[in-house]
Amino acid sequence: DWGRGRLYVPEDERDRAGAQDADLDAGLMTPEWRSVLRVMADRTRALFLAGRPVCDGVEGRLRWELRLTWLGASRVLDRLESRRFDVFNDRPSLGRADAVPLVWQAIRWRPAAAGPVPGAIEGSRSR
């Protein structure tokens, strides 16, 4: 969303990696931006894992909606990582071909194990 004036990376993380906004203006995915986006992807993955039990804590249609949302978002994150965060040349998204695998994964879903989630951010889970 850089072209729309939005960046979802905290400034301190951007600055720590030495990433420059001018590179985004030029459509360049530099090693510095890849580094900061790796940190953001790792943080996002940990938050996804920490929030996964919510998908098991509800019933009915909402349970299926949350599972599919979680699975779809995880798939987009996987694609972003596999493309080395190059959103300029190949922005990850979901399409029709993803529907069957996502529904199948939702059907085969196994509840998250109880206890702390490895890599989860402390304090992000409700008690």
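Colleague: What is the handedness of the crossing of α3 and α4?

Modeller: The crossing of α3 and α4 is left-handed. Keep in mind that this is a predicted model.

Colleague: Why are α3 and α4 called roughly antiparallel to each other?

Modeller: Look at the angle: the two pack at about 160 degrees, with their axes 11 Å apart. Angles over 145 degrees count as roughly antiparallel, therefore α3 and α4 get that label.

Colleague: How do you know that α3 and α4 meet, and which residues do it?

Modeller: Contact means heavy atoms within 4.5 Å. On the α3 side you have R38, A41, D42, T44, R45, F48 and L49, and they meet W70, A73, S74, L77, D78 and E81 in α4. Sorted by class, the residues of this contact are six nonpolar, two polar and five charged.

Colleague: Moving on to the largest pocket, what is its volume?

Modeller: About 810 Å³. Its lining has 25 residues, and D1, Y8, L37, L80 and V87 are the closest to the centre. Two elements, α3 (31-51) and α4 (60-82), each give two or more residues to that lining.

Colleague: What makes a residue part of the lining?

Modeller: A lining residue has an atom within 4 Å of a point of the pocket. Seven residues of α3 line the largest pocket, and α3 gives the most.

Colleague: How many residues of each class are in that lining?

Modeller: There are 19 nonpolar residues, two polar and four charged.

Conventions: Residues are numbered from 1 along each chain as its sequence is written. This is a predicted model: local features need pLDDT of at least 70, side-chain atom pairs count only at pLDDT 80 or more; totals for chains, interfaces and linings use all residues. Side-chain values use heavy atoms; hydrogens and water are left out. On a 1 Å grid over the protein atoms alone, a cavity is a set of points where a 1.4 Å probe fits but cannot get out, and a pocket is an open set with protein on both sides within 12 Å along at least five of seven lines; lining residues have an atom within 4 Å of a point. Grid points are joined across faces, edges and corners, and a volume is the space filled by probe spheres set on the points. Helices (H or I, at least four residues) and strands (E, at least two) are DSSP runs, numbered from the N terminus. Ala, Val, Leu, Ile, Met, Phe, Trp, Tyr, Cys and Pro count as nonpolar, Asp, Glu, Lys and Arg as charged, and the others, Gly among them, as polar. Axes are lines fitted to C-alpha atoms, for helices over the stretch in contact, and angles run from 0 to 180 degrees between N-to-C directions. Angles under 35 degrees count as roughly parallel, over 145 as roughly antiparallel, 65 to 115 as roughly perpendicular and the rest as oblique. A crossing is left-handed if the near helix is turned anticlockwise from the far one by less than a right angle, and right-handed if clockwise.
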